[in-house]
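Hello,

Here is the structure we talked about. Please open it first, then read my notes below.

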Amino acid sequence: MAIATISLKPDRQGASLPAAVARHLLDHHADRLPDLSGLTVLVPNQRAGQDFARLLAHAAGLPVLIPPHIVPLKSWAADRADARPGEAQARRLARLHGVLRRETWLGNVDKWALANELLGLADELSAARLGGDVGSQIRALQTAALDRETALIEAVWQALNTGGNDPQARYAAALERVLAQLAGAPRPLYGYALGTLTAVEQQFLERCAGHTAVTLFELAADSSALTHSLQQAWQCTEPPIMVRAAGVASAYTNTPVAARISLNPAPHLEAEARAIAAWVALQLQDGKRDLALIALDRETARRVRALLERMTVRVADETGWTLSTTAAAAVIDRWLECVASDFPHTELLDLLKSPFLLGELALRQDAVLQLELALRRQGVAQGMADIQRLAQGQFGALPPWLAALFGARLGFTQTRAPLAVWVARLLDSLVQLDASLQADAAGAQVLETLEGLRQDLGDDSEKYSFGEWRRWLNLALESANFSDASVASSIVLTSLPAARGRVFEAIAVIGADARHLPAAPAPGLFSQATRAQLGLSTAAAEAVAAAADLIALLGQGNALLSWQAWHDDEPNPASPLVLRLQALHLAAWGSDLPQQGDAEPPACSSSLPSVCTQAAPAVQAVQLPQRYAPTAYQTLLDCPYRFFVKSVLGIRELDEADDALDKSDYGNALHRILKNFHDRQPPVERAAALARLVEVSAAEFAGLPAYTATVWARRWAAIQPAYVDAWLASEAAGWRYQSGETAFEMPYAVAGLGEITLHGRIDRVDRRTDAGGGEALAVIDYKTGASQGLKARLKNPAEAVQLPFYAWLAEAAAAYLPINETPVVLLALDGETDIDAICRRLPALLAAMAAGAALPAGGVDGVCQHCEARGLCRKGMWEEAAAAPAAAGKAAY
């Protein structure tokens with residue numbers, strides 16, 4: 001007998017294929033009721049089986065129903081699998097890598113990644129070939145001219161997958177046992193939505209048909225108006241879409257698509273997530289219960305889940321996370337980085353702040369903060385010896401939690417060893433660190449995975465370095481998946497293949513853009529052409545299967561196709577499937593598909609916060625500082641909200657614990673050098689002055705980290721002659737150095753605020769006495785930036801207020817002195833600049849704030865790019881203040 005294929009048409013609009021299958025079985029086996037245990041129904045996955053059992057019971061309407069044997073094909077085979085364990089996948093991977101690492105012609109390619117991809121391809125080859133004449137296929141390939149990549153895959157397959165103990169061979173053997181059982185006791189076999197079957201699975205079903213009736217169900221092409229329209233848009237290649245549009249238009253006067261499917265081209269991720277959360281809330285309000293969120297775009301899907309949880313809507317996340325992205329795996333990664341790199345301070349602090357290690361976190365939290373501040377103040381970036389010395393100075397003795405960490409590091413042997421030994425070393429070190437990963441669901445799975453790998457690789461004697469082992473461990477954790485099974489909900493976040501054959505009342509497709517639908521092939525070392533040459537499934541075939549899955553899914557209920565219309569400031573086009581559906585709908589019914597509005601979810605106990613309801617902050621006079629340097633004034637002009645964060649709230653970034661000399665450190669070093677140089681009254685003879693500057697510079701850079709200071713010292717050495725020349729020229733013009741790093745202060749009365757102090761510290765002050773005895777002052781601000789940028793500031797001093805502010809405080813001429821290029825030339829403030837007006841604007845702004853003016857996030861992009869408060873302000877989300885004083889204050893800005 002041949003396999004029978006029956007096209008079913010649901011008896012109502014929006015009914016699913018599983019519901020139609022249930023009705024068909026009840027009609028054709030009414031004589032067996034209520035006992036259907038003599039039937040077997042193959043389903044795509046366990047959850048689809050649960051849906052089918054529920055539908056069958058509901059459709060039967062009987063007090064008691066004994067259901068059929070409902071099972072996925074792989075689970076059926078697993079029940080009949082050989083009790084003897086096969087070779088573990090980790091062992092096969094290690095065995096393959098052991099061969100590849102000795103092949104010099106492979107170059108510098110990541111051998112672990114190559115081995116992992118080759119192993120997957122070899123298993124795919126077995127799945128494709130075990131159902132046919134493998135020998136003839138191999139002979140045909142051997143007579144063809146294979147490229148090097150294809151030949152390599154073939155060689156790996158021959159070595160790993162022809163002994164009968166590989167996973168696909170064991171699967172085929174298990175199916176043989178199922179077939180033997182079925183031959184001994186024939187029973188009708190049904191199946192639906194099984195997806196693309198491998199050759200061995202297809203052969204199994206064909207052989208089953210020789211013993212019993214085998215029936216596969218599919219949706220009829222005209223099962224519903226919506227399904228027919230989707231098929232015309234997505235599955236037909238001929239005739240052209242305009243002809244197909246005319247066909248569906250003549251068949252259905254009114255659009256069957258617009259009533260069921262809407263689009264959501266969102267401007268960005270947050271907007272898309274919020275629109276989907278609003279859509280979910282509306283579906284729940286309409287009484288729908290079983291909802292599917294198809295997570296094509298995983299990042300947006302995670303945000304949707306977070307928003308729904310804030311609405312107290314629970315979501316069962318079936319997509320899960322790769323084990324490497326869990327907090328528990330991150331702890332292990334940071335621990336290994338500390339072992340490998342002698343405790344970099346960032347990884348060290350992450351470990352000390354982790355609740356998974358070193359006992360109760362609360363007992364050490366305050367001390368860890370003290371240690372962090374000390375590390376940052378002292379610039380200790382890494383090194384167990386330096387950290388130990390600093391901790392002993394900070395606490396008087398080494399804290400026990402730090403001693404445990406250092407002890408575990410000293411006990412972690414790093415000699416070359418087999419993979420299983422490395423894993424054992426890691427597990428032992430976690431015991432020494434008092435790791436409590438077992439209390440966390442993901443942590444428990446991490447430990448279980450590590451222990452399983454240790455056992456699977458117990459007989460592998462190949463030795464690896466620490467770096468090679470760590471690359472393998474990262475790959476192992478990236479290959480494992482973690483799902484939180486503690487959440488049970490009828491709203492599921494799932495993938496398109498996992499939704500196959502299941503029943504939902506409404507569906508949202510998250511990420512229906514050209515990047516995700518159809519899914520791009522996973523990046524790898526082998527091309528689609530290589531896969532085609534090997535006879536494996538290609539991205540094109542998988543795209544066809546995805547379209548078929550989507551048609552079956554969307555035909556069940558209301559659907560939302562959502563995507564980001566912009567990505568990284570570039571247009572992000574919709575999926576070709578969406579574009580084709582839009583084109584067919586416009587041609588057939590003369591209208592666009594409806595788009596999801598910007599509606600918020602309905603009011604509930606914990607609804608989503610509105611996007612633009614929070615007013616910009618305003619402060620009381622008592623909250624404003626009493627002292628103002630030019631940096632505070634500049635911050636206020638650049639962005640009032642940034643001023644609010646820094647000067648009102650007093651929020652500061654922590655110092656970087658970095659002993660490398662960056663540009664800021666270089667500038668500070670030059671300021672110290674030049675103050676020391678001038679304070680020592682250098683000789684005015686050029687050679688002697690230059691020698692003095694070289695001496696002072698060498699002494700300063702000698703106390704800085706040599707491995708980075710050397711580069712900066714060389715840069716400054718090239719500038720020193722030009723600086724001496726510029727200084728001697730000012731001396732010749734009558735200017736004499738008076739002081740360096742000089743503090744100036746000025747009291748000023750502000751309405752509503754009282755008396756404030758304007759202050760600043762000026763790099764260099766020169767004085768000149770003219771022939772008539774009159775004296776003049778000049779204030780000089782050293783700059784290590786390019787002169788071009790400084791000239792741009794001087795063109796608009798009302799917006800770059802540092803130099804006018806210094807000139808006002810000191811009642812002097814003011815100039816920048818670039819010391820990062822030659823020649824060294826003063827860039828003076830224009831004598832026509834209205835310094836008084838520029839500087840009196842600060843008290844006016846402070847008076848407006850004291851009166852209640854708001855402080856909006858109004859920085860330009862150039863300011864926001866380097867703003868330490870950009871994670872707080874949510875620029876663009878402030879509500880316009882309605883109060884008149886606030887409006888007046890904003891006008892002042």
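**What I found**

Leu 263 has Leu 561 of strand 15 as its bridge partner. Strands here are DSSP runs (E, at least two residues), numbered from the N terminus. Strand 15 covers residues 558-564 and pairs with strand 6 in the parallel sense, over six bridges. Two strands count as paired if DSSP finds at least two bridges between them. Strand 6 spans residues 261-266, and five of its six residues are buried, so the rest of the structure largely encloses it. Buried means under 20% relative accessible area (1.4 Å probe, protein chains only).

This is a predicted model: local features need pLDDT of at least 70, side-chain atom pairs count only at pLDDT 80 or more, and totals for chains, interfaces and linings use all residues. Residues are numbered from 1 along each chain as its sequence is written, and side-chain values use heavy atoms, without hydrogens and water.

Five strands form it, in the order 1-5-4-2-3, with parallel pairing. Strand 1 (4-8) and strand 3 (69-72) are at the edges with a single partner strand each, so one side of each has no neighbour in the sheet. Strand 1 runs parallel to strand 5 (residues 214-219), joined by five bridges. Ser 7 sits opposite Glu 218 of strand 5.

How far can you trust it? pLDDT is the predictor's confidence in each residue, from 0 to 100. The protein's mean is 85, and 91% of its residues reach 70 or more. Residues 133-145 stay under 50. Where pLDDT is low, the predicted coordinates should not be read in detail.

Best wishes

Note on methods: Buried < 20%, exposed > 50% of the residue type's maximum accessible area, 1.4 Å probe, protein only. Helix = DSSP H or I, 4+ residues; strand = E, 2+ residues; numbered from the N terminus. Contact = heavy atoms within 4.5 Å.
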